[in-house]
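Please prepare a briefing on the model shown below, with the cut-off of each term stated where the term comes up.

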Amino acid sequence: MTIADPIEAGLRGGWNVIDASRAERDLALDADVVIAGSGAGGGTAAEILARAGLRVVLLEEGPLRSSRDFRMQEREAYPDLYQESASRKTADKAINILQGRCVGGGTTVNWTSSFRTPPATLSFWEREYGLREFSTEAMTPWFERMEARLSIAPWTVAPNANNAVLARGASNLGMVTTAIRRNVKGCWNLGYCGMGCPTNAKQSMLVTTIPSALDRGAMLVTREGHVYTRHSISFHAPDSELHGVLSRQREIEDLERQVAAGQLRELVLWIHQVDFVGLRATHVGGLCVGVCHEWDVVRRAENDAHAGEIDAGVPVLI
Ligand SMILES: Cc1cc2nc3c(=O)[nH]c(=O)nc-3n(C[C@H](O)[C@H](O)[C@H](O)COP(=O)(O)OP(=O)(O)OC[C@H]3O[C@@H](n4cnc5c(N)ncnc54)[C@H](O)[C@@H]3O)c2cc1C
């Protein structure tokens, strides 16, 4: 069966994509908006701003890959699609922090659990950090909009062994569980979401907002950053005060903070500033720190009992 590859089709159709690692000289680009990072935040912003008619440049540290590259192999996917080959850790090395490093960022490799930021978390942010514009009321239309954009819907297939254990355990403790909604269209339930979706069922930024922004003339610069290229990229915006040069690590970090993306990198800053246990307890944003940790515990416990079933099916459902 042939799986349509929107990336290949877009590149053939003339998308404006530059692989900065292959640049042989410094690049000077015109832009109204420069977005550093092409994950959930960057991809969404790129589509909205390109639709509004702005000249968008989307910078991404990692490579552009597509379904044909996603072969469900950890040894290929981790070094290619993840920060630090999926071995980034908290300072005490106790917890693995998984973060994407590819076009689509975390959304290319995430597990598709799609739930709204809980009202209790939004209230906590408002109370503790004064983020009044992120109230439940203000966020509801945005949640609705992105749920429609990313085809977020209930998942009715039975959970895999991992998730069934969670459901049973919770039920034994008298807790009510529910299946988490997912951003998929025609999912094959392979269970290899973390290695990039080989069927393009996952409605990541890679197959939704980024193609849409590129169709509208946005430019994508991949493998940008000190790891890959020795050349600088400068920006010029004739109609505004925006201009800048990316050439060394420090300048890139500054731009990232000002413009977009990199939630888990920012988490590292948060961890330094707030109590880590408090952070986990409140499930800040869509972070997977707590989830990954618990999943690993269940996985180890069940490994012998359900050898062969453990990695099949949706990784996080209950
Ligand atoms: C394995 C895994 C499973 C997950 N599962 C779920 C899930 O099921 N449900 C859920 O809600 N969330 C999940 N998440 C988390 C979710 O994907 C992230 O919360 C979300 O993608 C964060 O969006 P973001 O835009 O802040 O950053 P990211 O999506 O992390 O994107 C940041 C991008 O910026 C790039 N970048 C960083 N620095 C620079 C720079 N200086 N210049 C250029 N580019 C740069 C990175 O390479 C990356 O591609 C998961 C994450 C992972 C890694």
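At 1.5 Å a residue, helix H7, the twelve residues 161-172, should span 16 Å, and because its end C-alpha atoms are 16 Å apart, expectation and model agree; the expected span is defined as 1.5 Å times one less than the number of residues in the helix. This is a predicted model, in which local features need pLDDT of at least 70 and side-chain atom pairs count only at pLDDT 80 or more, while totals for chains, interfaces and linings use all residues. Residues are numbered from 1 along each chain as its sequence is written.

**Overall make-up**

- The protein contains twelve helices and nine strands, where helices (H or I, at least four residues) and strands (E, at least two) are DSSP runs numbered from the N terminus.
- Of the 318 residues in the protein, 32% are buried; a residue is buried if 20 or more other C-beta atoms, placed from the backbone, lie within 10 Å of its own, exposed if 12 or fewer do, and partly exposed in between.
- Among contacts between residues at least 6 apart in sequence, 72% join residues at least 24 apart, a contact being two residues whose C-beta atoms, placed from the backbone, lie within 7 Å.

**The four-stranded sheet**

- Four strands form an open sheet in the order E1-E7-E4-E3, with parallel pairing; two strands pair if DSSP finds at least two bridges between them.
- Strand E1 (16-19) and strand E3 (33-36) are the edge strands, each pairing on one side only.
- Neighbouring strands of this sheet are turned by 15° against each other on average, direction ignored, with axes taken as lines fitted to C-alpha atoms, for helices over the stretch in contact, and angles running from 0 to 180 degrees between N-to-C directions.
- Helix H2 (residues 40-51) packs on the sheet, where H2 touches E3 and strand E4 (56-59), and the direction of H2 makes about 170° with that of E4.
- E1 and E7 pair in the parallel sense over four bridges, and Ile18 has Val221 in E7 as its bridge partner.

**Positive phi values**

- H7 is followed by Gly174, which has a positive phi near 80°.
- Ser85, a residue other than glycine, has a positive phi near 50°; Ser85 is found in the loop between helix H3 (74-81) and helix H4 (106-109), and is partly exposed because 14 other C-beta atoms lie within 10 Å.
- Arg223, also a residue other than glycine, has a positive phi near 45°; Arg223 is in the loop between strand E7 (219-222) and strand E8 (233-236), and counts as buried because it has 22 C-beta neighbours inside 10 Å.
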